[in-house]
Amino acid sequence: MRFPRLQRQTLTLVAVIIPLLFLFIYVALRSGPLAPIAVTVSTVESRPIAPALAGMGTVQARFTYKIGPTVAGRVKRLDVHVGDTVKAGQVLGEMDAVDLDDRISAQQAAIKSSEATLRQAAAKEAFAQTQASRYEQLLSVRGTSEETVVTKRQELAVASAVLAASREDIVRLRAELEALRAQRGNLRLVAPVAGLVAVRDADPGTTVVAGQAVVEVIDTASLWVDTRFDQISAEGLATGRPAKIVLRSRRSQGVAGHVLRIEPRADAVTEETLAKIAFDAPPVPLPPLGELAEVTVQLGELPAAPTISNAAIRTVDGQRGVWTLVDGGLTFTPVVLGRSSLDGLVQVVKGLSVGEQVVLYSEKALSAKSRIHIVERLPGVTP
Amino acid sequence: MAAKGIHIEGLSKRYGEGDTAVLALKNVNMQVAPGEVVGLIGPSGSGKSTLLKCLGAVIDPTAGRMVLDDEVIFDDEWKVRDLRALRRDKIGFVFQAPYLIPFLDVTDNVALLPMLAGVGNDEARKRALELLTALDVQHRAKAMPSQLSGGEQQRVAIARGLVNRPPVILADEPTAPLDSVRALSVIRILNDMARRFETAVIVVTHDEKIIPTFRRIYHIRDGVTHEEAGEGRSFQ
Amino acid sequence: MISLAGRDILHAWGKFIFTGIGLGLLIGVTLTMAGVYRGMVDDGKVLLDNSGANLWVVQKDTLGPYAESSSIPDDLWRSIRTLPGVAEAANVTYLTMQVGRGQKDVRVMVVGIAAGEPGTSGWPPQLVAGRQITRGHYEAVADIATGFRLGDEVNIRRNRYTVVGLTRRMVSSSGDPMVFIPLKDAQEAQFLKDNDAILMQRRRTEANRAFNRPAVPGLLDAVIASQTSNNSVNAVLVRIQPEYSPREVAEPIRRWKRLTVYDRAQMEEILVGKLIATSARQIAMFLVILAVVSAAIVAFIIYTLTMDKIREIAVLKLIGTRNRTIAGMILQQALVLGVIGFVVGKITATFAAPLFPKYVLLTPIDSILGFVAVLVICVLASIVAIRMALKVDPAEAIGG
């Protein structure tokens with residue numbers, strides 16, 4: 001009766017105190033700065049990688065025709081609307097002629113009047129010619145004075161000159177008429193190529209200045225993506241490389257294309273290289289101009305080399321490297337990195353060899369003295 | 001004058017000063033020899049408690065003389081400073097209620113006193129067990145006070161009062177909560193122990209059941225003691 | 001001599017344990033509170049650590065990219081890069097905003113990181129899953145605290161980003177988790193409000209006669225284009241060469257480039273000293289109150305425990321127990337209570353810490369300080385009880 005009671009009390013006490021103490025020790029060692037850092041490791045593998053470049057661009061037409069009048073004027077009619085397909089040479093609209101037709105009529109009248117003047121001058125010249133030859137004959141038979149013949153010759157020369165002037169005048173007037181007619185013809189807005197009306201900037205009745213576009217026609221066969229690549233990652237970009245174009249409105253499907261040309265001028269402000277990516281076949285339906293597109297340019301596959309994930313790369317004291325596992329301890333190994341692929345694999349040029357164990361993920365920054373605890377997956381990360 | 005047991009002459013105790021002073025003890029004389037058990041009887045307000053406190057070295061009397069076991073505790077020129085040690089070494093207490101320490105088992109309740117006096121734990125426990133055996137409660141040595149019956153508790157309390165072999169035991173109404181059989185048994189134990197350990201025992205009581213057992217009785221009334229002979233009846 | 005305190009505790013251990021657990025919960029709250037403060041400071045420090053920079057170059061006379069807004073041209077890094085002692089200079093933008101994933105949105109700090117390779121200043125220094133950003137656009141590395149998972153598509157402004165990597169403890173100074181996106185996207189995100197706002201601004205520009213001139217076709221387009229591009233960043237992170245001191249490198253930038261430059265110590269002073277100063281004082285007040293409450297509770301418990309034993313103490317005194325022994329008994333009990341409370345509190349705080357929405361950092365030094373404080377509080381709290389116990393009249397035991 002006596003002993004069991006005391007013992008039971010002591011046992012219950014121990015049963016409460018011991019777990020508390022164990023918990024306390026666990027808590028003191030397993031949490032906070034004393035706790036080991038959970039890491040995952042991966043093995044350096046030799047594998048080929050296929051680097052690729054990712055860039056952003058907008059869909060543009062290579063050839064855009066801005067059609068407008070060559071002189072200031074008013075739009076008379078416009079037959080096409082945005083989205084219309086046009087043929088080469090098709091009349092798209094016309095500028096208002098205003099007084100051009102009247103000026104042509106006046107010119108035609110002026111030509112007629114000049115022709116009458118010409119006829120008069122020709123008659124005068126013929127008469128002067130006749131007079132002159134008659135007095136020449138009279139002089140040869142001494143029927144008249146030398147002085148009278150000279151007078152008649154002078155009259156003939158004047159009449160000839162007047163006739164010539166009249167003729168040139170008519171040529172001038174006709175040329176002027178032609179000019180007016182040419183201008184009259186230029187009032188028509190004609191499509192230079194087959195294409196698609198992209199912009200209609202003015203409606204009939206609008207006054208436009210010389211050179212202002214009324215209609216923009218794009219050449220649908222010449223769509224390309226004006227793409228920008230970060231200079232820092234643009235290594236290997238070359239004309240002819242295959243590319244995958246993903247339009248923003250059609251994220252699920254990619255369209256094949258290729259690098260058409262790399263612009264000789266880069267964008268100095270944004271530090272980007274510009275390139276044109278052409279569609280292998282124009283996408284149907286046509287994407288709107290200015291639509292955003294993601295472009296991935298495939299570069300050639302590189303031969304196998306030691307490869308790690310870019311998540312393993314750390315910077316310690318300004319040096320890039322990885323934490324390698326040697327006999328359970330951590331060593332920082334500086335590495336020289338080669339090319340990388342878009343899925344996060346990067347080749348190691350120098351510093352690592354195949355089969356080495358490197359720390360891939362870690363809960364916090366590591367140091368050579370860190371106590372680590374290797375796990376399959378870091379806590380909190382769902383598969 | 002030096003003597004074994006307890007000797008008190010002309011003891012008085014005054015509470016307060018001047019006009020409001022109350023004289024609780026006026027002239028108390030008392031002698032108890034070793035091995036003797038005397039009764040101290042008095043109504044409430046008679047100065048009984050004050051006398052008990054003076055005897056128990058809890059308070060100092062105002063005047064008079066008190067000698068305990070050949071040692072002068074108090075007189076007009078001298079008084080003992082370390083009342084605590086005095087209580088521990090010279091006086092055993094047995095109370096109306098046993099007042100055992102609830103968190104110590106029976107042995108340690110008894111052994112605590114020698115331990116406080118500097119005796120080693122084992123030796124103290126040995127002494128305690130001896131006494132418990134003498135009082136016939138050794139079978140409860142490991143029990144906690146709350147598990148004991150009233151009589152057992154009182155016996156343990158007596159054991160505690162005796163464990164340091166004090167020359168004097170003060171028992172304050174030790175039989176109040178007990179029936180007559182148990183009360184008489186307690187008195188018998190006190191008598192046995194007094195004889196065995198040569199201890200002077202003063203039993204403060206107004207328990208009619210036990211008054212006839214005393215050979216000598218001190219009555220106290222208005223702070224003055226009167227000695228008279230008791231019946232000295234034996235207890236069967 | 002046997003231990004009176006120990007015997008009393010063993011006798012009434014249930015009472016002690018439960019009182020200790022109650023006290024422990026209170027101590028747990030106090031420790032957690034200290035942890036909240038440490039967490040705030042740590043948020044600031046990891047922000048600086050994770051940026052990987054030695055110097056922060058910001059707009060003149062502003063308090064850096066974290067505490068104040070700062071705007072500098074995005075081509076400035078080139079001239080800083082050429083200064084002696086500069087090993088690396090990288091643009092960075094910071095923008096706190098709501099980021100949507102499905103129906104919910106999360107408050108995050110969007111960090112625009114300069115193009116380059118992993119390890120560049122500003123890039124997340126380590127991941128817990130996935131990979132670093134490889135594409136120049138529309139990829140994101142998110143902190144795990146955002147609740148995003150690998151492969152999630154998140155909306156930042158009007159663009160959708162694919163989460164390719166996850167980090168842990170990458171937070172802003174106010175504890176918002178970070179989302180790393182390429183710098184150019186971030187610049188756009190920082191500038192772009194929403195499509196409506198853009199349209200309205202475009203309309204306002206069109207209505208402005210000065211920009212919309214019939215005689216100058218193309219002017220309006222140029223104006224609008226210039227309005228919708230953003231060539232600013234918030235700061236340039238500079239990593240210096242080991243043989244130079246931060247001061248040496250910072251001085252020419254400050255003097256000749258007319259920019260403000262902060263080094264690590266100054267940045268910490270801004271984040272810890274200025275940004276969270278009020279919150280820290282707030283928490284300090286709470287700590288003081290909790291300490292006072294704990295002390296009051298310990299004092300009250302010890303007082304009650306002693307009150308329950310007043311009769312025993314009187315008996316102990318009557319039979320000659322020294323005051324020291326009685327005081328020691330009470331003091332030991334108070335200390336035991338404190339130790340139980342501390343152990344329970346430490347355990348509670350540790351298990352409660354991860355449940356907090358913001359980071360709670362429990363440092364060993366705080367635990368040690370807390371332990372000492374608890375013991376001191378227990379000693380102080382037991383003084384009242386000890387004084388009372390010493391005043392107990394041994395005569396009380398003699399029914400008087």
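Which residues of H3(B) meet which residues of H4(B)? The first close-up answers that, after a word on the model. This is a predicted model, where local features need pLDDT of at least 70, side-chain atom pairs count only at pLDDT 80 or more, and totals for chains, interfaces and linings use all residues. Residues are numbered from 1 along each chain as its sequence is written, while chains are lettered from A and ligands numbered from 1 in the order in which they are written.

**View 1. Helices H3 and H4 of chain B cross at roughly 120 degrees.** Helices here are DSSP runs (H or I) of at least four residues and strands are E runs of at least two, numbered from the N terminus. On the H3(B) side you'll find Val106(B), Thr107(B), Val110(B), Ala111(B), Pro114(B) and Met115(B). They meet Asn121(B), Ala124(B), Arg125(B), Arg127(B), Ala128(B), Leu129(B), Leu131(B) and Leu132(B) in H4(B); contact means C-beta atoms, placed from the backbone, within 7 Å. That contact divides into 10 nonpolar, 2 polar and 2 charged residues. Here Ala, Val, Leu, Ile, Met, Phe, Trp, Tyr, Cys and Pro count as nonpolar, Asp, Glu, Lys and Arg as charged, and the others, Gly among them, as polar. The axes, lines fitted to C-alpha atoms over the stretch in contact, with angles from 0 to 180 degrees between N-to-C directions, come within 8 Å. H3(B) and H4(B) are therefore oblique to each other. For the cut-offs, under 35 degrees is roughly parallel, over 145 roughly antiparallel, 65 to 115 roughly perpendicular, and the rest oblique.

**View 2. In chain C, H2 packs with H9 at about 150 degrees.** The two axes are 10 Å apart, and the angle makes H2(C) roughly antiparallel to H9(C). Among the residues that meet are Val41(C), Leu47(C) and Leu48(C) in H2(C), and Met267(C), Leu271(C) and Leu275(C) in H9(C). By class, the contact has 7 nonpolar, 1 polar and 3 charged residues.

**View 3. Helix H1 of chain C has buried residues Leu4(C), Asp8(C) and Ile9(C).** Buried means 20 or more other C-beta atoms within 10 Å of a residue's own, exposed 12 or fewer, and partly exposed in between, with C-beta atoms placed from the backbone. Those three cover an arc of only 130 degrees around the axis, which puts them on the same side of H1(C); the arc is that of the directions from the helix axis to the C-beta atoms. Their cover includes H2 and H12 of chain C.

**View 4. Tyr138(C) and Arg169(C) have positive phi values.** Most residues other than glycine have a negative phi. Tyr138(C), with phi near 60 degrees, is in the loop between strands E5 and E6 of chain C. Arg169(C), with phi about 55 degrees, lies in the loop between E8 and E9 of chain C. Tyr138(C) is partly exposed, with 19 other C-beta atoms within 10 Å, whereas Arg169(C) is buried, with 22.

**View 5. A cis peptide bond joins Val284(A) and Pro285(A).** Omega is about -10 degrees. Pro285(A) is found in the loop between strands E15 and E16 of chain A.

**View 6. Chain A touches chain C through 42 residues of chain A and 42 of chain C.** Helix H1 of chain A gives the most to its side, with 7 residues. By class, that side has 21 nonpolar, 15 polar and 6 charged residues.

Methods
Contact = placed C-beta atoms within 7 Å.
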